[in-house]
Amino acid sequence: MTNSWNDIKNTDLVLVMGGNAAEAHPCGFKWVVEAKANNGAKLIVVDPRFTRTAAVADVYAPIRPGTDIAFLSGVMRYLLGNNKIQQEYTKAYTNASYLVKAGYKFEDGLFSGFDEGRKAYVDRSGWDYEFDEQGMAKVDETLQDPRCVINLLKAHVERYTPEMVERICGTPKDKFLKICEMIGTTSTPDRTMTSMYALGWTQHTTGAQNIRSMAMIQLLLGNMGMPGGGVNALRGHSNVQGITDLALLSTSTPGYLVLPTEKETTFADYMKSRAFKPIRPGQTSFWQNYGKFFVSQQKSFFGAAATKDNDWAYDYLPKFDTGYDTLKIVDLMAAGQMTGLFCQGLNLMMAAPDKTKVQAGLSKLKWLVVIDPLETETARFWENHGEYNNVDPKAIQTEVIVLPTTTFAEDEGSATNSSRVIMWHWKAAEGPGEVRSDIEIMSDLFHRLKTAYAKDGGAFPDPILNLTWNYSNPRNPDPAEVLKEINGYAVEDVPDPADPSKLLLRAGQLLPNFGVMRDDGKTASGCWIYTGVYTEAGNMSMRRDASDPTGRGVFSNWGFAWPANRRVLYNRASADPNGKPWSERKKYVWWNGSRWTGPDVPDYAPTVAPDKAVGPFIMNPEGTARLFARTALPDGPFPEHYEPMDAYIANPLHPKVTTNPVVRVFAADAKAFGKPDKFPIVATSYRLTEHFHYWTKNAHTNAVLQPELFVEMGERLAKAKGVKDGDWVEVTSQRGSIKAKACVTKRLRPIMVDGKPCDVLGIPIHYGFVGLTRKAHPMNVLTPPVGDASVQTPEYKAFLVDVKKTTPPAQSPAVA
Amino acid sequence: MSEDKNVVARYTTAARINHWITAVSLILLALSGMALFHPSLFFLTNLFGGGQATRAIHPWIGVVLAISFLGLFFRFFTLNFWKREDTVWMKNLGKVINNNEEGLPELGKYNAGQKLVFWGQSILILLLFGSGIVLWDVYFEDYTTIDQKRLAAVVHALCAIGAILIWIVHVYAAIWVKGTLRAMTRGSVTRGWSWKHHRKWFRQEVKKS
Amino acid sequence: MATMQSLDIRRRSASTEAPPQVRQSAIQVAKLIDVSKCIGCKACQAACLEWNDLKAPIGYTDGTYDNPTDLTPTSWTVMRFTEYERGDDLEWLIRKDGCMHCDDPGCLKACPAPGAIVQYTNGIVDFVSENCIGCGYCVKGCPFNVPRISKVDRKAYKCTLCVDRVSVGQAPACAKVCPTQAIYFGSKEDMIVHAEHRIADLKSRGFQKSGLYNPPGVGGTHVMYVLHHADQPSLYAGLPDDPRISPMVGFWKGVMKPLSLAAIAFAGVFGFLHYITKGPNEVSDTDERKADEMAKGKGA
Amino acid sequence: MAVTRRQFMKVSAAGLAASSVGALGFTGAGEALAAGVRPFKLERATETRNACPYCAVACGVLIYTMGDRSKNARSEIIHIEGDPDHPVNRGTLCPRGAAALDFVRSPNRLKYPMVRKPGSDKFERISWDVAMDRVAKLVKEDRDKNFIAKNRDGVTVNRWLTTGFFGTSSQSNEAGYLTYKLVRATGLLGLEDQARI
């Protein structure tokens with residue numbers, strides 16, 4: 001989230017699209033209801049299903065799954081065509097006026113530089129600005145040049161007329177235009193719209209571009225950095241934000257630093273590609289500090305073993321050739337190229353698409369370690385559960401070791417919520433039986449490995465032998481000590497850069513902020529964006545001051561928000577280029593003549609005057625936000641509508657390039673995709689408010705509230721198939737089939753797509769063959785093993801199926 | 001006719017047992033029913049082991065009553081068909097109440113009052129049984145709607161009050177008309193009693209012997 | 001004054017003695033359920049189950065979102081989902097069902113067990129399980145079809161408005177938990193004022209018939225609804241348009257009770273008076289003689 | 001019949017004069033006009049501040065435990081409800097959070113380390129020591145065998161691709177950080193969590 005849960009109450013318009021906030025995040029959604037009740041805000045829901053969010057919406061519009069970019073591009077076309085944009089903001093704070101290289105073009109569904117053989121944009125040199133001799137991007141302040149970003153954008157979205165939107169998305173034109181009009185009202189400086197999305201946007205082969213589309217709309221409307229504005233990802237797990245920050249991701253390291261690739265053979269090479277020189281005069285380009293963050297991190301990991309001489313233990317880090325994301329790991333497993341796997345609180349059998357492939361992959365492992373507080377399908381993948389999991393245990397040679405863990409109530413530590421607020425929780429009781437915390441388990445494994453490598457040697461033992469683990473109780477470290485390490489400390493005395501005769505920090509002192517970090521090994525910090533969470537003043541994540549003096553929903557002394565305790569990102573943009581609030585109503589951060597002030601921590605150098613013309617988007621070398629993404633994403637600098645891989649129709653915009661051309665399809669999955677002749681129904685998966693992923697099927701009350709798998713279908717489809725409420729149906733995709741009970745509803749109406757009615761089927765994800773709920777076929781039997789072109793999030797939200805009436809499943813042996 | 005020359009046999013042992021089962025059931029039903037009908041009588045539930053037990057036992061006693069009464073019904077219904085003399089008797093009810101039975105027609109085994117008690121109780125017990133089943137949630141909750149149950153409750157209560165009133169008349173008559181009680185305690189009545197109250201029946205009995 | 005008394009009682013089922021009336025609760029409490037804010041998430045159901053230590057059985061789906069499908073002895077509140085087509089637009093009306101805590105409670109009126117149902121002076125109607133005899137009369141008395149008799153212990157159960165929480169100054173579990181303030185708890189007076197604001201907001205959004213559901217037929221309720229279509233309560237999964245205690249129950253538990261006892265008493269008194277005034281109907285010696293004659297004459 | 005009649009008289013009397021009922025000895029200590037409200041179950045429970053384990057709203061919760069944390073009283077979690085001070089949830093919870101107690105006390109909680117041997121159709125309980133020894137052995141075996149120090153071009157890459165690690169997004173930052181440190185130190189690249197699935 002760029003803004004915070006509490007900030008939503010400041011909004012005038014909420015667009016819930018690509019998510020179902022009321023069901024998935026009811027307690028965060030309360031701030032939408034507050035905005036409606038106390039701020040006169042309106043709520044728009046755009047969703048294939050009439051959801052529980054739609055139940056309290058002012059306007060609901062249906063959309064065919066997987067067509068969000070068409071809808072949002074249509075919105076952009078409307079805003080640009082009807083001058084419903086915040087002109088001054090767009091001009092000053094985005095790259096609207098930047099000139100793009102002549103090499104950039106978009107034709108027949110492809111951007112320039114596409115290599116047909118490698119299915120990639122190999123030559124992306126055209127996706128950039130024109131630069132002058134000083135390396136500064138050229139701009140046209142008059143916005144007249146046809147090569148400036150805003151004009152290229154206008155040309156790009158021109159094709160997305162309301163008629164085209166209706167044809168692709170199935171959204172009735174009048175509904176679409178009404179929504180456009182409502183969105184357009186927030187282009188004035190005194191009104192903001194907030195966007196709330198979740199997996200409905202990410203779980204597509206165009207996932208990242210869906211979100212970009214909304215970011216662009218918010219920039220055009222001037223809603224970024226504003227109270228009640230922003231693009232807000234409603235994240236799924238209690239600490240998925242923290243675990244992302246701390247980089248449990250294939251090619252990342254904590255704080256959004258990136259692991260070296262194998263092409264970056266030396267530390268110098270690595271740093272060269274991270275120079276981040278400003279490309280507009282006077283800009284901050286905050287990533288210039290990359291080296292400080294990286295070196296401090298290496299010091300934190302490897303202590304004294306990371307020295308200037310060994311390039312801060314650069315070689316201790318693995319160098320990647322390609323990303324090893326979930327889909328890739330599963331593919332390697334299924335190809336028999338993996339030996340072992342750890343599943344720590346992640347139920348892979350349910351969570352990864354194409355259950356059959358996951359099952360086959362797990363069966364080919366030599367060993368599997370499951371670390372979890374609950375029984376999972378993953379730990380029991382080898383067990384026969386009748387037709388729900390029809391396997392022969394004797395044929396599966398995988399050794400499975402299960403390690404039971406504590407739950408939230410049984411350990412302490414901090415977690416980071418979707419608003420980036422790091423908050424501490426305390427332990428209430430011991431867990432049952434012999435459960436251990438993840439900290440204790442990882443420490444135990446570390447010590448056993450370290451001992452073994454010290455004793456017997458082995459492959460490259462250095463990083464393991466030199467890994468810092470100097471906690472008071474190394475067998476079960478105190479989380480507070482670990483948080484101190486994440487925050488960072490002075491390794492040795494740090495002199496004051498302003499006056500070298502003075503000391504800025506004594507050795508051992510906790511770092512007060514990331515501004516003091518050094519690239520000379522004098523400071524250590526596990527994750528630079530967390531610096532400030534545990535200072536000499538104490539553990540900031542424990543703060544519980546619930547005061548909000550301005551009533552803006554800024555609880556500055558509750559926990560600690562990264563970065564630098566900032567609650568709304570890019571908040572400098574809430575003031576105009578002269579530092580004055582855009583409007584009194586949306587006053588948030590402003591220049592008081594000598595410094596930036598307001599209820600929040602300014603996302604800006606606090607004393608840099610507005611006349612210095614430093615852009616508000618300080619992380620970018622331009623200082624502005626990007627309507628044109630340059631080369632940041634692999635599938636284009638502007639978003640473009642592509643059909644899901646199970647394509648329901650040929651892309652009306654460019655039938656030769658129907659799907660995202662740069663999607664990665666594994667050789668093994670070449671035949672994994674369905675066609676509408678055989679599978680004429682569009683399916684989407686989703687979560688029910690009564691359940692959390694695959695956990696709460698083990699919780700009695702939640703099992704009571706939604707006891708059994710069902711699929712939702714509209715009345716037209718049900719009639720055609722002779723299905724009534726509660727009948728058993730079989731749903732089949734190219735990947736496999738499941739049985740479920742039917743829920744026939746008015747909330748899923750057929751929509752007119754490309755001139756013909758399209759039925760949509762909805763399938764909740766929560767049910768499996770382990771749990772207190774009724775046994776069910778895991779629905780990921782149906783979903784395609786393909787991911788977003790940018791980040792490989794699986795395409796769970798749009799795929800093709802067929803459905804027919806069937807008999808109940810055979811009763812299976814009762815296990816677990 | 002009885003061994004004893006001075007008495008007339010009126011009820012067989014089986015009939016008497018049947019009657020007393022019915023009588024005891026009815027009394028227990030009245031007590032338990034009234035306990036649940038009016039708060040000031042709730043204390044009567046103590047006779048049955050408390051409120052829950054009273055609620056649980058009451059319908060079972062009802063079943064006993066229904067079966068038992070069915071026995072009585074088949075035993076006696078032919079004797080209770082309405083006759084012309086019954087109408088005459090009814091017209092002279094005032095005299096009867098005033099202890100003056102002179103000039104009334106000769107009666108068979110039962111007079112009109114007794115017949116009315118018989119048919120009244122027959123109908124009421126049928127209704128009570130039917131409505132009681134509707135109210136017997138333990139087994140029959142799912143078979144009727146709440147509105148049907150409400151109607152059943154009213155019917156049940158009204159019939160029960162009716163049955164109790166008839167029962168009071170029945171009991172009072174037995175107390176008031178001396179010599180009646182022995183018919184149900186000993187099975188026989190005196191010749192004089194028979195002659196006075198059921199002369200036609202007495203005549204038949206005499207003929208039979 | 002009882003020492004165990006934690007809340008003062010206004011009415012008590014099947015009682016011939018009136019509870020002490022001098023102390024009055026400072027406030028009449030009420031729960032306001034704003035259907036227009038309800039997202040049907042069932043947090044209230046979960047909180048109710050958790051707080052009240054209820055282990056409802058795990059059922060099956062019947063192809064709707066209603067689960068459990070009805071109120072049960074172990075589910076004191078359920079969400080009822082209705083898909084309503086209003087012109088071209090669809091509305092998903094989601095109503096939290098449960099005890100309405102009527103000011104004139106039909107259950108209490110119908111209950112034959114002394115003290116099994118009580119109404120506290122703050123308006124909460126509660127079932128006191130120890131006194132409950134499981135007769136099911138409360139089911140018949142209730143105009144909203146709320147109480148349920150347990151098959152396990154044959155006792156009646158329903159929402160207590162978390163009287164155990166309210167009595168120590170806490171809000172009911174469902175009200176506290178509700179993520180969107182669709183359930184709001186406080187004094188009835190304040191809830192009515194709050195409802196007026198909500199109704200004004202709904203009218204501004206095109207719901208001209210929105211209004212407060214506080215049915216006068218049962219003396220008003222301590223659980224009230226804000227409805228977008230207050231002119232048609234029955235749209236909301238059969239919420240009664242004009243609930244009142246059934247006239248049958250009114251008759252049964254009203255005039256019938258004293259009249260019946262009077263009739264019985266009258267019968268008794270009449271018999272007694274008849275006996276002492278008219279004396280017994282005895283068989284005279286003459287009768288005996290005539291009978292003997294007849295016997296001898298073999299019915300002559 | 002006489003008995004019945006007496007009984008009947010009593011009935012009448014009771015109907016006419018209910019207040020004399022007590023004197024007949026049928027009721028106990030009179031009508032208890034104070035209905036005992038169910039005792040507030042948290043009265044002496046210990047309160048601990050925690051956060052809901054589910055979605056990333058991360059609502060504040062209050063966990064109530066039986067036992068006062070004295071040495072000989074094992075704390076048992078008896079109730080969980082929203083933390084009214086928490087700025088985001090202000091005491092509210094969703095149906096998952098409101099039933100978090102049933103997650104903590106789920107009959108499907110794993111309680112002991114277990115192993116399922118190749119080809120077996122069941123889990124067997126093992127000790128932590130045996131389990132962790134085995135895990136460490138398997139890890140070292142595979143890492144030593146398949147660790148890639150240099151790629152085909154002779155560039156130092158120090159990576160290990162034959163074992164994967166799916167971490168959880170539900171652990172604390174501290175646990176996640178230690179997990180990251182250890183896993184990365186082994187050179188493992190197949191490290192993921194729920195963030196992008």
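A nonpolar core here is a set of buried Ala, Val, Leu, Ile, Met, Phe, Trp, Tyr and Cys residues joined through C-beta atoms within 7 Å. Keep that in mind as you click around, and remember that this is a predicted model.

Start with the largest such core, which has 381 residues. Select V14(A), V149(A), A43(C), A47(C) and C111(C): these have the most contacts inside it.

Zoom in on C111(C) next. Leaving out residues up to four places away in sequence, C111(C) touches S13(C), A14(C), A116(C), I117(C), Y137(C) and C138(C). For a second, separate core, jump to chain A and pick Y388(A), Y648(A), V753(A) and M779(A), which are among its 40 residues.

Now show chains A and D together. Here 133 residues of chain A are in contact with 104 residues of chain D.

I401(A) has V115(D) as its bridge partner.

Last stop: strand β33 of chain A, residues 799-805. Strand β26 (681-686) of chain A runs antiparallel to β33(A), joined by three bridges, and A683(A) sits opposite F799(A). Strand β28 (728-733) of chain A also pairs with β33(A) in the antiparallel sense, over four bridges; look for E730(A) opposite K804(A).

Notes:
Residues numbered from 1 in each chain as written. Chains lettered and ligands numbered in written order. Predicted model: local features only at pLDDT ≥ 70, side-chain atom pairs only at ≥ 80, totals over all residues. Contact = placed C-beta atoms within 7 Å. Pairing = 2+ DSSP bridges. Helix = DSSP H or I, 4+ residues; strand = E, 2+ residues; numbered from the N terminus. Buried ≥ 20, exposed ≤ 12 C-beta atoms within 10 Å, placed from the backbone.
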